[in-house]
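Have a look at the model first, and then read on.

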Amino acid sequence: MQNIPITKDEFTLLFSGSFWSKLDESLIPLKQKPQDKKKFLSDLYDEIEAKRYYPDLPRGYIVSDKHNRVSRIVPVFTYEDSCTYFFCIKQIESFIAVNRVEGTYGGWTLGNLLKQQEDQEVEYLPGADDSPMAINSYNPVKWSDNWKEFQKKAYQYANRGGYQYFLKFDIANFYDTINLKILENKVHFAVEKKQIFVVELLFHFLQNWNRQLERYAKKTVGIPQDEIGDCSRILANFYLQEYDSYMKAECDKRSAVYLRYADDQVIMSNNKSDLYDILFNASKELFKINLNINSSKVNEFSLNEFVSYWAFEIFQKLEDKDNKEDINKAVEMYFQWNDLGYEFKKDSVLKRIITVVSKNINILEPHLRYRLLADMHKPEFVVSLNYWGLNHLANMSDTPNDLFKILDEQIGQVRFNNFHYVVLKFYKKWRANYDFSTLESRIQELALVLN
């Protein structure tokens, strides 16, 4: 009979101190933590080896604004389930996080874990707002590095490739529509025979974690876009590998370029007919694996429109935090483009500026500084910020009271509990004497929607 392929000691060593620190960063506070982690892991190993392990209900759900007030629902797992999911992916990542197709990004391994630091420049990935990004990550630096490499490649091809036509599109409800049977067959085919136990455990978890909403019916479609997200990221990227190979070949035949980061895809060509032939073939290829292109997000660009939409020039000027001249030019460009009505990733630019100038707002010229702070304090922007963004904004203000007032006003209006969890964590740092009862009641009220 197939057994767990590593010893108990090896299992215990998989989970470093930074792993536990990452779990502790959850937006939903843990009510009980394992006091003796070695015993906790020993017991979990025994449960898995004896085949008694069964996924628990998620500790809660974080509901965020995916786009246009459409909800993205993210489960937050128990310690046991987080450890089990992590263990499974660690065991098979050397088989599935390989064979990357040129021009694709998102399939890197879990690697060494890093605890998120307040001074890391990875809180906002420029331009990546529409991708299925993790709320948290085991290694946020990797997210940032891969996005920047994707962005750099897109800019290089656009500038030097001489392409005239560009298509940007993504996959509709990507994580939610991955067919588990297709994925399981792909994983079984990729791994060594000794990992079959792990694969069975992995799909036992994937089919049963969502009982709170799906009752006792086994899940057949969708992988969890959980709070940390890296395990599902690796599976999702692996799911697209054959599609990537097909798309690369289709583009090569037509002297076109294919780039993909997560589910964001870009095709560049000198022939508009070729561009749409490739898109048509992409639809057919995705259909084979139960996926579809999001028709509302297929955007055609000219060269100038593509370059301005991604705001490549602005982001380049924000690379060096100490370059006062470039940073001021970047902020000037942001306002000029905004005033001229250019279509570009405004919120992404603004969030990147927050990260760059948060520790030295005085690097900006006074007229830019005051206008920038005014834009950053607009309620629709404030509610989109994560915990680190709110910290940066509070640090940039002479007094954070204006920020507190905006947040207080939005507590009763915003429907997405991600906002309330972020504010709760932020206020615990900044407003020690705050009466949390209203905020906590609102969180409870919104949580009932999922029951």
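Helices α18 and α20 cross in a right-handed way; a crossing is left-handed if the near helix is turned anticlockwise from the far one by less than a right angle, and right-handed if clockwise. The model is predicted, so local features need pLDDT of at least 70 and side-chain atom pairs count only at pLDDT 80 or more, while totals for chains, interfaces and linings use all residues. Residues are numbered from 1 along each chain as its sequence is written, and side-chain values use heavy atoms, with hydrogens and water left out.

**Two helix pairs**

Helices and strands here are DSSP runs (H or I, at least four residues, for helices; E, at least two, for strands), numbered from the N terminus. Axes are lines fitted to C-alpha atoms, for helices over the stretch in contact, and angles run from 0 to 180 degrees between N-to-C directions.

| Helix pair | Angle | Axis separation |
|---|---|---|
| α18 (residues 387-396) and α20 (residues 417-430) | about 40° | 9 Å |
| α6 (residues 180-190) and α7 (residues 196-208) | about 165° | 11 Å |

Angles under 35 degrees count as roughly parallel, over 145 as roughly antiparallel, 65 to 115 as roughly perpendicular and the rest as oblique. Helices α18 and α20 are therefore oblique to each other. On the α18 side, Tyr387, Leu390, Asn391, Ala394 and Asn395 meet Val422, Lys425, Phe426, Lys429 and Trp430 of α20, where contact means heavy atoms within 4.5 Å. Sorted by class, that contact has six nonpolar, two polar and two charged residues. In this scheme Ala, Val, Leu, Ile, Met, Phe, Trp, Tyr, Cys and Pro are nonpolar, Asp, Glu, Lys and Arg are charged, and the others, Gly among them, are polar.

Helices α6 and α7 are, by their angle, roughly antiparallel to each other, and their crossing is right-handed. From α6, Leu180, Leu183, Glu184, Val187 and His188 take part in the contact, with Ile196, Val199, Phe203, Leu206 and Gln207 from α7. By class, the contact of α6 with α7 has seven nonpolar, two polar and one charged residues.

**Buried residues**

Buried means under 20% relative accessible area, exposed over 50%, and partly exposed in between (1.4 Å probe, protein chains only). Leu235 sits in helix α9 (residues 230-239) and is buried, with a relative accessible area of 0%. Which residues does Leu235 contact, leaving aside its neighbours within four places in sequence? They are Tyr85, Ile89, Ile96, Leu183, Leu202, Leu206 and Ile223. Between Leu235 and Ile223, the C-alpha to C-alpha distance is 8.4 Å, and they are twelve residues apart in sequence.

Gln265 belongs to strand β6 (residues 264-269) and is also buried, at 0% relative accessible area. Among its contacts beyond four places in sequence are Leu167, Phe169, Tyr243 and Arg260.

Asn294 lies in the loop between α11 (272-287) and β7 (299-302). With 18% relative accessibility, Asn294 counts as buried, and Asp170, Ile171 and Ala172 touch it, not counting residues up to four places away in sequence.

In helix α2 (residues 17-24), the buried residues are Ser18, Phe19, Trp20, Lys22 and Leu23. Their cover includes α3 (37-49), α4 (79-96) and α5 (140-160).

**Cysteines**

How many disulfides does a search of the whole structure find? The count is zero, with a disulfide taken as a pair of cysteine sulfur atoms within 2.5 Å. For Cys88, the nearest cysteine sulfur is that of Cys231, 8.6 Å away. Cys88 counts as buried at 1% relative accessibility, and Cys251 is buried with a relative accessible area of 1%.
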